[in-house]
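Please look through the following points with the model open beside you. They are set out as a colleague's note, one topic to a paragraph.

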Amino acid sequence: MSEETGRRNLRMPDDDEMFAVVTEHNGGNHVRVRCEDGENRMGRIPGRMKYRTWINEGDVVLVEPWSWQDEKANIEWRYSGQDADQLRREGHID
């Protein structure tokens, strides 16, 4: 974090990733997400995140849509509330 501005360096999406907002928790390791391209997808929480990172409705996440099934995606990262606010201020998400 830079001292003078309070800005943190955040993980940004790669070429095949995009921002999304969790709209519904379907139990287990599945959530419904609304992606920045306007699509609603079924998101899968991978095992490495399942018990370490709690994902709730309204959270901003980074998803990677499946190349063979576009209506599904893997959750790659969850942003904290402060990080999501910073992304909104900088114009990366709505």
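1. On the face of helix H2 that is turned away from its buried side sit the exposed residues Gln-82 and Arg-89, where exposed means over 50% relative accessible area, buried under 20% and partly exposed in between, computed with a 1.4 Å probe on protein chains only. Helices (H or I, at least four residues) and strands (E, at least two) are DSSP runs numbered from the N terminus. This is a predicted model, in which local features need pLDDT of at least 70 and side-chain atom pairs count only at pLDDT 80 or more, while totals for chains, interfaces and linings use all residues. Residues are numbered from 1 along each chain as its sequence is written, and side-chain values use heavy atoms, with hydrogens and water left out.

2. The buried residues of H2 are Asp-83, Ala-84, Gln-86 and Leu-87. Because they cover an arc of only 160 degrees around the axis, they lie on the same side of H2, the arc being that of the directions from the helix axis to the C-beta atoms. Strands S1 and S4 are among the elements that cover these buried residues, with contact taken as heavy atoms within 4.5 Å. After H2 comes Gly-91, which has a positive phi near 85 degrees.

3. The closest N and O atoms of Arg-88 and Asp-85 are 3.6 Å apart, within the definition of a side-chain nitrogen of Lys or Arg within 4 Å of a carboxyl oxygen of Asp or Glu. Both partners count as partly exposed, Arg-88 at 37% relative accessibility and Asp-85 at 40%.

4. A search of the whole structure finds 4 salt bridges, and some of them join up: Asp-37, Arg-41 and Asp-70 are linked in a network. Since Asp-70 lies in the loop between S4 and S5 and Arg-41 in strand S3 (residues 40–44), the pair ties together parts that are 29 residues apart in sequence. How accessible is Arg-41, buried or exposed? Arg-41 counts as buried, at 2% relative accessibility, whereas Asp-37 is partly exposed at 41% and Asp-70 is partly exposed at 44%.

5. A barrel is closed by 5 strands in the order S1-S2-S3-S5-S4, with mixed pairing, two strands being paired if DSSP finds at least two bridges between them. From one strand to the next the twist averages 55 degrees, where axes are lines fitted to C-alpha atoms (for helices over the stretch in contact) and angles run from 0 to 180 degrees between N-to-C directions.

6. Strand S4 (residues 60–65) is mostly covered, with 5 of its 6 residues buried. S4 pairs with strand S1 (residues 18–25) in the antiparallel sense over 4 bridges; in this pairing Val-21 stands opposite Val-60, and Ala-20 has Val-61 as its bridge partner. S4 also pairs with strand S5 (residues 72–78), again in the antiparallel sense, over 5 bridges, and Pro-65 has Ala-73 in S5 as its bridge partner. A hairpin through 6 residues joins S4 to S5.

7. Finally, the aromatic rings. A search of the whole structure finds 2 aromatic pairs, rings of Phe, Tyr and Trp (its six-membered ring) being paired if their centres lie within 6.5 Å, with planes under 30 degrees apart counted as stacked, over 60 as edge-to-face and the rest as tilted. Phe-19 and Tyr-79 form a tilted pair, because their centres are 5.9 Å apart and their planes are at 50 degrees. Phe-19 lies in strand S1 and Tyr-79 in the loop between S5 and H2, so the pair ties together parts that are 60 residues apart in sequence. Phe-19 is buried at 5% relative accessible area, and Tyr-79 is buried at 2%. Trp-66 and Trp-68 form a stacked pair, 5.1 Å centre to centre with 25 degrees between the planes; here Trp-66 counts as buried at 17%, while Trp-68 is exposed at 66%.
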